[in-house]
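Welcome! Here is a short tour for someone meeting this structure for the first time. Please have a look at the sequence and the model below, and then read on.

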Amino acid sequence: MSVIAEHGQILLILACLFGFFMAWGVGANDVANAMGTSVGSKALTIKQAILVAMVFEFCGAYLAGGEVTSTIRKGIIDSSILADTPELLVYGMMSSLLAAGTWLLIASIMGWPVSTTHSIVGALVGFAAVGISVDAVSWGKVGQIAASWVVSPLLAGTISFLLFMSAQRLILDAPEPFKAAKKYIPFYMFAVGFIIAMVTMVKGLKHIGLGLSFQECLGYAALVGLAVMGLGYALLSRIKEDPIQGNFRFANVERVFAVLMIFTACAMAFAHGSNDVANAVGPLAAVVSVIASGGEVAAKSPLPWWVLLLGGGGIVVGLATYGFKVIATVGKKITELTPSRGFAAELGAATTVVLASATGLPISTTHTLVGAILGVGLARGIAALNLRVIGNIFLSWLITLPAGAGLAIVFFFFFKGVFS
């Protein structure tokens, strides 16, 4: 009698628990990145940020989380090598979830914003290379992911830098910043609405069965952008210009950007949920598929709806219970953020996530957002950055892969010993 047939029920329950634990880690560590800028620039209080993130992260994970899942699941490990030993795949996926979740717990306690994508990729590579064989890892795919670690912060930093410079030139340096803000900010609002709508339709509505073509998506996204722009005009008309207090002539303008930040925070949370839920539910879906088929390793397994529900739920619990630690690091310690800087960082990061989602690259939201904040900080010169905090963050990024791999190898041999 095979291990899968004998212990299938226990393995499935354990896999679900570890998947939930990993999703908790994504919520505690990664979602905090998505919300850190809003809290740091005081556009949202920490309670409001957590509520916004809960709703949009969950929607992103549940509606749009399926696409990246397939990259994480079938891309990194060559499942054909495991056709004769499906139980090894099950142990490996379980140990990867537990290892990545454990590392995220440690990083969250320390307040380090690390990458959940790195954690799970490191864990998968570790167990596959040591526990099965070096050939089981598709190193080309790993190389692609490694390249995206450099590309995502650079791309996000560049987009954010340009966005902030455009805001500075058009609005902050204008003779009458408040009038300029009322004139130009609706166009930024259009961009935010357009980006959110594109990621929702291109990625999310596939699962619900609304197969829209790319042209149709562009058309609908433009309509959503116009709607958000209209809403922006309505909100802006209610903000009155106060007399300038002291030498701070931007107070009124920053209030307008604070309104924008709420939109970008929603966009970022949605994009993040759609991209990063895969880290928790990808390996879990592989286990579910192997156990459900009685030990058959499929290259592509359907994603049951309840698996995405479990992932989305775990993210929300993690954010609510422990998200505040990393929010403080990202929002307050890298560089001083105002609503205009935070807006540029968040929109730049969200745009990068959309581009990555569209190409199926498993990028790291953490690297994207930290890159975006660095881009905005650099727009004010290197003195505006807290280099010690940045050094700690980079160091924690370097440790993440080996930490995930090492923990996964230990857990893999433990499960193998217990169940085989």
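A patch, as the word is used here, joins residues with over 30% relative accessible area and no salt bridge, with like charges joined within 9 Å and nonpolar side chains (Val, Leu, Ile, Met, Phe, Trp, Tyr) within 5 Å. Accessible areas come from the Shrake-Rupley method with a 1.4 Å probe, and for residues only the protein chains shown count as cover. A salt bridge is a side-chain nitrogen of Lys or Arg within 4 Å of a carboxyl oxygen of Asp or Glu.

The model is predicted, so local features need pLDDT of at least 70 and side-chain atom pairs count only at pLDDT 80 or more, while totals for chains, interfaces and linings use all residues. Residues are numbered from 1 along each chain as its sequence is written, and side-chain values use heavy atoms, leaving out hydrogens and water.

**The overall picture**

- The protein has 14 helices and zero strands, where helices (H or I, at least four residues) and strands (E, at least two) are DSSP runs numbered from the N terminus.
- Of its 420 residues, 59% count as buried; buried means under 20% relative accessible area, exposed means over 50%, and partly exposed lies in between (1.4 Å probe, protein chains only).

- Which residues make the nonpolar surface patch? Phe-161, Leu-162, Met-165, Leu-378, Ile-382 and Leu-387 do, and the patch covers about 560 Å².
- Helix α6 (residues 139–172) gives the most to this patch, with three residues.
- Ile-382 sits in the loop between α13 (365–378) and α14 (387–419), and Ile-382 is exposed, with a relative accessible area of 57%.

- α13 has 14 residues and spans 20 Å from its first C-alpha to its last, close to the 20 Å expected at 1.5 Å a residue; the expected span of a helix is 1.5 Å times one less than its number of residues.
- α13 is mostly covered, with 13 of its 14 residues buried.
- α14 has 33 residues and reaches 48 Å from first C-alpha to last, close to the expected 48 Å.
- Where does α14 bend? The bend, of about 30°, is at Thr-400, and the proline Pro-402 follows within four residues.
- That bend is the angle between axes fitted to the seven residues ending at a residue and the seven starting there.

**Aromatic rings**

- The structure holds 10 aromatic pairs.
- Rings of Phe, Tyr and Trp (its six-membered ring) pair if their centres lie within 6.5 Å; planes under 30 degrees apart count as stacked, over 60 as edge-to-face and the rest as tilted.
- Phe-412 and Phe-413 form an edge-to-face pair, 5.4 Å centre to centre with 75° between the planes.
- Is Phe-412 buried or exposed? Phe-412 counts as buried, at 0% relative accessibility, whereas Phe-413 is partly exposed at 40%.
- Phe-18, Phe-414 and Phe-415 form one aromatic cluster.

**Helix α4 and what follows**

- Helix α4 (residues 86–110) has 25 residues and reaches 37 Å from its first C-alpha to its last, close to the 36 Å expected at 1.5 Å a residue.
- Because 21 of the 25 residues of α4 are buried, this helix is largely enclosed by the rest of the structure.
- Gly-111 follows α4, and its phi is positive, near 80°.

**From α1 to α2**

- Lys-42 lies in the loop between α1 (3–40) and α2.
- Phi of Lys-42 is near 65°, a positive value in a residue other than glycine, and Lys-42 is exposed, with a relative accessible area of 70%.
- Ala-49 is in helix α2 (residues 46–64) and counts as buried, at 0% relative accessibility.
- Ala-49 and Gly-36 are 13 residues apart in sequence and 8.5 Å apart in space, C-alpha to C-alpha.

- Gly-126, in helix α5 (residues 116–132), is buried, with a relative accessible area of 5%.
- Gly-126 and Pro-402 are 276 residues apart in sequence and 8.1 Å apart in space, C-alpha to C-alpha.
- A search of the whole structure finds one salt bridge: Glu-176 with Lys-179, their closest N and O atoms being 3.2 Å apart.
- Glu-176 is partly exposed at 44% relative accessibility, and Lys-179 is exposed, with a relative accessible area of 57%.
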